[in-house]
Amino acid sequence: MSTEDSNSEMGKLIARVPLFSSLDDNELAELLSFVKRRRFRKHETILAEEDSNRYMYIVMSGKVKVIRSGVDGRELLFAIHKRGDFFGEMALLDGKTSLATVIAMEDTSVGLFSKDDFDRFSKTNRKVVEKIIELLCIRLRDAWLMLRVFSCTDAERRLRTVLQHLGENHGVRDARGTLIAMKLTHKDFAAYTNLARETVSRLMTALRKRHEIELVGPHQILLTKAFKKADDFA
């Protein structure tokens, strides 16, 4: 891909980021001049806790996970970001480090936007500042989800909450139900729910037997209409 094509692709993705969606073509071009592009291999750390106060990242290709180690040493999974998603935006606001680490789940390319550049840009563009308020509301809803997950004592309800969230945010709907359009292993779900992998496997088997979920290809899950119906009556 040529540099011109790469910049065009990056510009289209940045225009879809809620924080920058209100910018016109000239403003986007100015913003694009600040963005640097980096590539990461599968399992490579993209953003460590101690570096999380410097940049906002936009996923150009690939997929990443946001994790933190629990008190027992187990990996806790807080979020998964795919192409077009972004993370690290809190650093642009307060310059403080995050309590999480971001790791590439597959070969990934990201665009980096530094706090210094953001400060210069936002001083002349109030539309971005207004969008920040909307963004904070979105992140707050995500935080509420994790509180619901970790405060739930019922293991199946905890797993169902995560499945429902993934379906709403990463789902592709068709006549069968909602396909979670990302490859996730039982280990990933264990990290997302803070459950043992054996517990996740047992619960997944039970949901399959009740025809609430189906496995589609390698590590993709279909939430059937029976899953939604059971949630409606829960």
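User: In which loop is the place of Ala-175?

Analyst: This is a predicted model, in which local features need pLDDT of at least 70, side-chain atom pairs count only at pLDDT 80 or more, and totals for chains, interfaces and linings use all residues. Residues are numbered from 1 along each chain as its sequence is written, and side-chain values use heavy atoms, with hydrogens and water left out. Strands are DSSP runs of E, at least two residues, and helices runs of H or I, at least four, numbered from the N terminus. Ala-175 lies in the loop between S9 and S10.

User: Is Ala-175 buried or exposed?

Analyst: Buried means under 20% relative accessible area, exposed over 50%, and partly exposed in between (1.4 Å probe, protein chains only). With a relative accessible area of 65%, Ala-175 is exposed.

User: In what order do the four strands form the open sheet?

Analyst: Two strands pair if DSSP finds at least two bridges between them. Four bridges join S9 to S10 (residues 177-180), and Asp-174 stands opposite Gly-177 in S10. The pairing in the sheet is antiparallel, and the order is S9-S10-S12-S11.

User: Which strands stand at the edges, each with a single partner strand?

Analyst: One side of each edge strand is left without a neighbour in the sheet, because each has a single partner strand. These are S9 (171-174) and S11 (213-215).

User: Which residues does Leu-163 touch, not counting residues up to four places away in sequence?

Analyst: Contact means heavy atoms within 4.5 Å. On that basis, the residues touched by Leu-163 are Ile-180, Phe-189, Met-204, Leu-207, Ile-221, Leu-223 and Phe-227.
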